[in-house]
Amino acid sequence: MTTPYALQVDSVAKAFGGNRVLEKVGFSIRPGEIVGLLGPNGSGKSTLLNTITGFESIDAGTVRFEGRRIDSLNAHRIVQAGIARTFQLPSMPRKMSVAEVAMAASTEHHGVWENLFGSRAAGLAETRARARAGALMDQLLLTPVRDLSAAAISGGQKKLLGIVCALMAQPRMLMLDEPTAGVHPNLRSDIVRALQRLNDAGMTIVIVEHDMHFIREVCHRCIVLDRGHIVADCRPDELASNERVLQAYLGGAAAKPAGGATATPVLRMGAA
C-alpha cells in the first residue's frame, strides 16, 4: 500500500474506565514534517503519544505508519517498524555511563546476533553500534560527558541522551515528549539546532510541548487537542488567533478591552 503520509491516525478512541480520553481523533503527517502536538492539561496528548507508540492499546480506530497498520503492535515492534520516542522524565541508571546507556539502546549488538551469525558478525554489529553512538553523542553535544554516570548529568543532558537512545534504533519518525521542559536555555538552543539538523536529514518529528516559543521556532504545523478532540490543525503563527484554541486554553473567547480591540492572550501550554 503506497501512501504520501508517514503517519495516519484515523478515528482513534481511548477510555480508562468511564473516562473517555480520546474520541475519534484523526490526522495525517507527511514525511519530513515537524508537527507540534499541543493542548491544555488533560487534553489527551500523552495518551495519544502512548497509543501511537504502543504503550497503550486503542479502543477503536486505526494507526498506520507508512501505510502499514501498527495499532496492534507492541512498543518494541513499533520501534522496529521505524518510530522511536523519548519520555518527559527520562530515568537514567546510576551504574552506567552516558556512552553505555547509548550503546544499550542499540538494536544491533545484543547477544542474539552472536547466536544467529557467530561472534564475528556480533563484533561487526557492535563496532557499527559503537560508531553510531559516538557520532550521535557528538551531534547532540554529549561527548564531553560520555564517561560520566548517566544519572549524574543535568536534566537537559538527560533529555539529549534520551534523543540519542531513540536515534540508536535508526527510526524514520521521532516522537518527543516535552523535550525542553526544565532545560537550561543554553541546552534548549542546542536541542532546537539538533532537531533542525535531524529534520534537514529527512527525519519526521512529532513534539508534545508547552513552550510556544520553541514550537514557533521548530514546528511546521500544530495539532491542538482539547478534551480528547482535535480542535485545530494549523501553522504555529495561527494559534493565537484561532478561536477554538483560545476556547480550549482560556475557557472562552479572548476578552475585548475598551475600544473593541481584541487582546492577544499568552497561551500557556500545560502538561498532557
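Reader: Which residues does isoleucine 205 touch, not counting residues up to four places away in sequence?

Author: With those neighbours set aside, isoleucine 205 touches Glu33, Ile34, Val35, Leu174, Leu176, Leu195, Leu198 and Asn199. A contact means heavy atoms within 4.5 Å. This is a predicted model, where local features need pLDDT of at least 70, side-chain atom pairs count only at pLDDT 80 or more, and totals for chains, interfaces and linings use all residues. Residues are numbered from 1 along each chain as its sequence is written, and side-chain values use heavy atoms, with hydrogens and water left out.

Reader: Happy with that. What makes valine 35 count as buried?

Author: Valine 35 has 1% relative accessibility. Buried means under 20% relative accessible area, exposed over 50% and partly exposed in between (1.4 Å probe, protein chains only), so at 1% valine 35 counts as buried. Of the 272 residues of the protein chain, 50% count as buried.

Reader: Where does valine 35 lie, and how far is it from valine 206 in space?

Author: Valine 35 lies in strand β3. Helices (H or I, at least four residues) and strands (E, at least two) are DSSP runs, numbered from the N terminus; the chain has 9 helices and 10 strands. Valine 35 and valine 206 are 171 residues apart in sequence, but 4.8 Å apart in space, C-alpha to C-alpha. Valine 206 is among the residues that valine 35 touches, as are Ile29, Ile205 and Ile223.

Reader: How do you know that strand β1 is largely enclosed, and which strands does β1 pair with?

Author: 7 of the 10 residues of β1 (residues 7–16) are buried, so this strand is largely enclosed by the rest of the structure. Two strands pair if DSSP finds at least two bridges between them. β1 has 7 bridges to β2 (residues 19–29), in the antiparallel sense, and 5 to β4 (residues 60–65), also antiparallel. Glutamine 8 has serine 28 of β2 as its bridge partner, while aspartate 10 stands opposite threonine 62 in β4. β1 and β2 form a hairpin with 2 residues between them, and glycine 17 in the turn has a positive phi of about 65°.

Reader: What makes helix α1 mostly covered?

Author: 8 of the 8 residues of α1 (residues 45–52) are buried, including Lys45, Leu48 and Ile52. After α1 comes glycine 54, with a positive phi near 85°.

Reader: What makes up the largest nonpolar core?

Author: A nonpolar core is a set of buried Ala, Val, Leu, Ile, Met, Phe, Trp, Tyr and Cys residues joined through side-chain atoms within 4.5 Å. The largest has 52 residues, and Leu161, Val164, Leu174, Leu195, Ile205 and Ile207 have the most contacts inside it. Helix α6 (residues 155–167) gives the largest share of this core, 7 residues. Apart from this core lies another of 27 residues, Val35, Leu49, Ile58 and Ile223 among them.

Reader: Which residues line the largest cavity, and how many of them are nonpolar?

Author: Phe27, Ile29, Val35, Leu37, Ile52, Met175, Val206 and Ile223 line this cavity. β2 and β3 (34–38) are the elements that give two or more residues to the lining. Ala, Val, Leu, Ile, Met, Phe, Trp, Tyr, Cys and Pro count as nonpolar, Asp, Glu, Lys and Arg as charged, and the others, Gly among them, as polar. By that rule the lining has 8 nonpolar, no polar and no charged residues.

Definitions and conventions. On a 1 Å grid over the protein atoms alone, a cavity is a set of points where a 1.4 Å probe fits but cannot get out, and a pocket is an open set with protein on both sides within 12 Å along at least five of seven lines; lining residues have an atom within 4 Å of a point.
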